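Student: I would like to go through this structure by question and answer. Please start with the terms.

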Amino acid sequence: MHGPRRLEVVDVQSKQVTLRWEPFGYNVTRCHSYNLTVQYHYRPAGAASREPVKEEVVYDSLSTAPQHALRNLPPFTNVSLKLVLSNPEGRRESQELLVLTDEDVPGAVPIDSILGSSYEQQISLSWREPLQTYGVIRQYEISYKALSSFDTEFDLSNQSGKVFKPANETSHVFTGLYPGSTYSFTIKASTVKGFGQPVITQFTTKISAPLMPAYDQESPLNQTDSTVTVLLKPAQSRGAPVSKYQVVVEEERPRRQRRGTAEILRCYPVPVHFQNSSALSSPYYFSAELPVGELRAPTAFCIGDNRTYSGYWNAPLLPHKSYAIYYQAVSTANGETKIDCVRVATK
């Protein structure tokens, strides 16, 4: 008795391999009871040891062109296989064949591999290739779309797009985004067979400081020995609504400054009451905090009117001192606070 002859692979798919062999002679099919099986195991590239051997019974053995299909195989995997004929006379094997299953669409990019770094107008995204590539990764498709924003004045209809990255690039920086806005990112990997399952994640850009109106001239509307009246204009929100306005009075003191260097305007994130400014040796104090509703339009405001605004005493100015008056807008959202300020008058 001889074993199965002329074993060949006649069809290869991503999850299926079809085998064909020479029909058995009369002495095998009629003289004895017999059993025909196909034995196979996987041989992944770079694997140190072979996978366990699997076995299937072959029932199509009497036709003139017998064949058998192995199904549910992993895509893009080396499969070692052979036919085994067993009857009372013994056991015979065919030659062993090694076949590579076809590529398939890849699995999803691991969701826990996606990292994002958010800035005011850009988001940097990185990821890893799918755990199940099922072939050679050709490219990645990343689409994005703005979902919402803390700033209700933003028009998000044009905040969407799509980029393609080659297989060796697993990161991208999305620019031209809106501050304080949440974006959805959909990532898909592809092989020659097409794109695999998408994975979706979200990241939110940081808010920007409000944009203060320009004050070309720091000339007040009115000035007395103890007061200065200025025009307070609404600020423009950028990523989050303006939450409040503040008026800051800073005593001007002599400063040593290098010739040719410009003064860098800093804002005032730490509130200081007039009553505490001396004890804290602070050169500035908050004279007023105003709700947004009171500054929907340009409004005159008198610094030093001896009134209290949101807990801050607007103390009269001392005639013999020089002051710089600053006006700042504050935006707060998503755990962030951003401030922009402008000098509106001097006395």
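Tutor: Buried means under 20% relative accessible area, exposed means over 50%, and partly exposed lies in between, with a 1.4 Å probe and protein chains only. This is a predicted model, in which local features need pLDDT of at least 70, side-chain atom pairs count only at pLDDT 80 or more, and totals for chains, interfaces and linings use all residues. Residues are numbered from 1 along each chain as its sequence is written, and side-chain values use heavy atoms, with hydrogens and water left out.

Student: Is cysteine 341 buried or exposed?

Tutor: The relative accessible area of cysteine 341 is 6%.

Student: Which cysteine forms a disulfide with cysteine 341?

Tutor: A disulfide is a pair of cysteine sulfur atoms within 2.5 Å, and by this rule the count comes to 1 disulfide. The sulfur atoms of the pair are 2.2 Å apart. The partner of cysteine 341 is cysteine 267.

Student: Which parts does the pair tie together, and how many residues apart are they in sequence?

Tutor: Helices (H or I, at least four residues) and strands (E, at least two) are DSSP runs, numbered from the N terminus. Cysteine 267 lies in the loop between β19 (242-251) and α2, and cysteine 341 lies in strand β25. The pair therefore ties together parts whose separation in sequence is 74 residues.

Student: Why is the disulfide of cysteine 267 and cysteine 341 left-handed?

Tutor: The handedness is read from the torsion about the S-S bond. The disulfide is left-handed because this torsion is about -95°.

Student: What is the relative accessibility of cysteine 267?

Tutor: Cysteine 267 counts as partly exposed. Its value is 23%.

Student: Over how many bridges do β24 and β25 pair?

Tutor: Two strands pair if DSSP finds at least two bridges between them. Strand β24 covers residues 323-333 and strand β25 covers residues 336-346. Their sense is antiparallel, and the number of bridges is 10.

Student: Which residue in the turn between β24 and β25 has a positive phi?

Tutor: The two strands form a hairpin with 2 residues between them. Threonine 332 stands opposite threonine 337 in β25. In the turn, a phi of about 55° belongs to asparagine 334.

Student: What is the order of the open sheet that has β1 and β5 as edge strands?

Tutor: The sheet has 3 strands with antiparallel pairing. β1 (8-12) and β5 (67-70) each pair on one side only. β1 and strand β2 (residues 17-20) pair over 4 bridges, with valine 12 opposite valine 17. The order is β1-β2-β5.

Student: Which residue in β13 stands opposite serine 124?

Tutor: An open sheet of 3 strands, with antiparallel pairing, has the order β9-β10-β13. Its edge strands are β9 (115-118) and β13 (171-174). Between β10 and β13 there are 4 bridges. The residue opposite serine 124 is valine 173.

Student: Where is valine 136, and is it buried or partly exposed?

Tutor: Valine 136 lies in the loop between β10 (123-126) and β11 (139-149). With a relative accessible area of 43%, valine 136 is partly exposed.

Student: How many Å separate the C-alpha atoms of alanine 279 and proline 316?

Tutor: Alanine 279 sits in the loop between α2 (274-277) and β20 (284-291), and it counts as exposed at 71% relative accessibility. Proline 316 is 37 residues from alanine 279 along the chain. Their C-alpha atoms are separated by 18 Å.
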